[in-house]
Amino acid sequence: MNSFTSITAIAVPIDEPNVDTNQLCPTRFNKVPRGPAYASILFHDRRFNADGSEKEHILNAEPFNRAQIIVADRNWGSGSSRESAVYALYEFGIRCVIAPSFADIHLNNCYKNGLLPVVLGEAECESMRRQLRDHPGATISVDLGAQTVTDQQGKVHRFEIHAVRKKSLLEGLDDIARTLQYKAAFEAFEAEYRMERPWLYA
């Protein structure tokens with residue numbers, strides 16, 4: 001998993017509550033192996049016609065097609081638990097989603113794939129989305145170490161994150177990598193256990 005420390009990037013406003021995972025990654029794409037193809041899967045049915053031509057959608061338009069941060073509305077990522085929804089966001093280039101609330105499973109899937117979900121108040125998110133609508137191409141800065149978001153106007157917003165999640169993102173450790181940090185302790189325990197109970201291994 002890639003680490004996340006800080007980012008200053010173009011942000012895109014998504015002015016819609018309850019964006020679900022079926023919109024982020026339609027069901028028929030769930031079996032696609034993770035890779036660059038997921039960039040075009042993100043919001044596929046809202047971004048593309050049946051013949052592959054582009055529809056009018058904010059993520060198809062300059063400069064938002066280069067966004068790395070989404071400022072969303074409440075209940076982002078509701079619906080099914082598909083991890084492919086995060087693949088689509090990540091392969092498009094999104095590294096952080098800021099919203100008033102997230103669906104629990106989607107929130108955890110973001111953490112597990114190196115994408116930072118930031119929870120801020122509804123008024124804060126609405127203010128930032130308005131700034132981004134008024135100033136297309138404006139950037140937002142997110143600093144995980146300091147746990148801050150700096151909006152287009154320079155106002156600093158502080159967010160909370162669990163210490164373990166923060167450490168994992170800063171160091172680029174998924175669940176497996178974090179477990180392997182204790183490999184030496186596991187091996188020492190197994191060796192001692194084998195010595196104390198040799199009959200189990202006869």
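**Figure 1. Salt bridges across the predicted model.** The count comes to 15 salt bridges, and keep in mind that the model is a predicted one. Some of these pairs get their own close-ups below. One group goes beyond a simple pair: D15, D73, R74, E126, R129, R130 and R133 are linked in a network of salt bridges.

**Figure 2. R28 meets D45.** Here R28 forms a salt bridge with D45, and the closest N and O atoms sit 2.5 Å apart. The pair ties together distant parts of the chain, 17 residues apart: R28 belongs to the loop between helix 1 (21-24) and helix 2 (38-41), while D45 belongs to helix 3 (residues 44-47). How exposed is R28? With a relative accessibility of 56%, R28 counts as exposed, since the cut-off for that label is over 50%. D45, at 36%, counts as partly exposed.

**Figure 3. E91 reaches R34.** In this view E91 of helix 4 (residues 84-92) pairs with R34, which lies in the loop between helix 1 and helix 2. The two form a salt bridge whose closest N and O atoms are 3.7 Å apart. Again the link joins distant parts of the chain, this time 57 residues apart. Both partners are partly exposed: E91 has a relative accessibility of 27%, and R34 has a relative accessible area of 39%.

Figure 4. Eight of the nine residues of helix 4 are buried, so the helix is largely enclosed by the rest of the structure. The buried ones are S84, A85, V86, Y87, A88, L89, Y90 and F92. What do the buried residues of helix 4 pack against? Their partners are helix 1, helix 2, helix 3, strand 2 and helix 5 (104-112). E91, the salt-bridge partner of R34, is partly exposed.

**Figure 5. Inside the largest nonpolar core.** This core has 54 residues, and those with the most contacts inside it are W76, I98, L116, I140 and V142. Which helix gives the core its largest share? That would be helix 4, with seven residues. Nonpolar side chains tend to be buried together in soluble globular proteins. Zooming in on L116, and skipping its neighbours within four places in sequence, you find contacts with F4, R95, C96, V97, V142, L144, F159, I161 and L169. V142 turns up on that contact list and is also one of the residues with the most contacts inside the core.

**Figure 6. Helix 6 and its buried side.** Helix 6 (residues 122-134) has 13 residues and spans 18 Å from first C-alpha to last, close to the 18 Å expected at 1.5 Å a residue. Its buried residues are C125, M128, R129, Q131 and L132. They cover an arc of only 155° around the axis, which puts them on the same side of helix 6. Covering them are, among others, strand 1 (6-13), strand 2 (69-71), strand 3 (96-99), strand 5 (139-143) and strand 6 (148-150). On the face turned away from this buried side, look for the exposed residues A123 and D134.

Figure 7. R129 and E126 form a salt bridge, with the closest N and O atoms 2.9 Å apart. Being three residues apart in helix 6, the two are separated by about one helical turn. An α-helix has 3.6 residues a turn, so residues three or four places apart point the same way. Is R129 buried or exposed? R129 is buried, at a relative accessible area of 4%, whereas E126 is partly exposed, at 27%. Both residues also belong to the salt-bridge network that includes D15 and D73.

**Figure 8. F48 in its loop.** F48 sits in the loop between helix 3 and strand 2, and at 14% relative accessibility it counts as buried. Leaving out residues up to four places away in sequence, F48 touches S40, S53, E54 and K55. N60 is twelve residues from F48 along the chain, and their C-alpha atoms are separated by 9.2 Å.

Figure 9. The protein is divided into domain 1 (6-171) and domain 2 (174-201). Their C-alpha centres lie 39 Å apart. The contact takes four residues from domain 1 and four residues from domain 2.

Terms used
Residues numbered from 1 in each chain as written. Predicted model: local features only at pLDDT ≥ 70, side-chain atom pairs only at ≥ 80, totals over all residues. Heavy atoms only, no water. Helix = DSSP H or I, 4+ residues; strand = E, 2+ residues; numbered from the N terminus. Expected span 1.5 Å × (residues − 1). Buried < 20%, exposed > 50% of the residue type's maximum accessible area, 1.4 Å probe, protein only. Arc of directions from axis to C-beta. Contact = heavy atoms within 4.5 Å. Salt bridge = Lys/Arg side-chain N within 4 Å of Asp/Glu carboxyl O. Core = buried A, V, L, I, M, F, W, Y, C linked by side-chain atoms within 4.5 Å. Domains from an automatic or database assignment.
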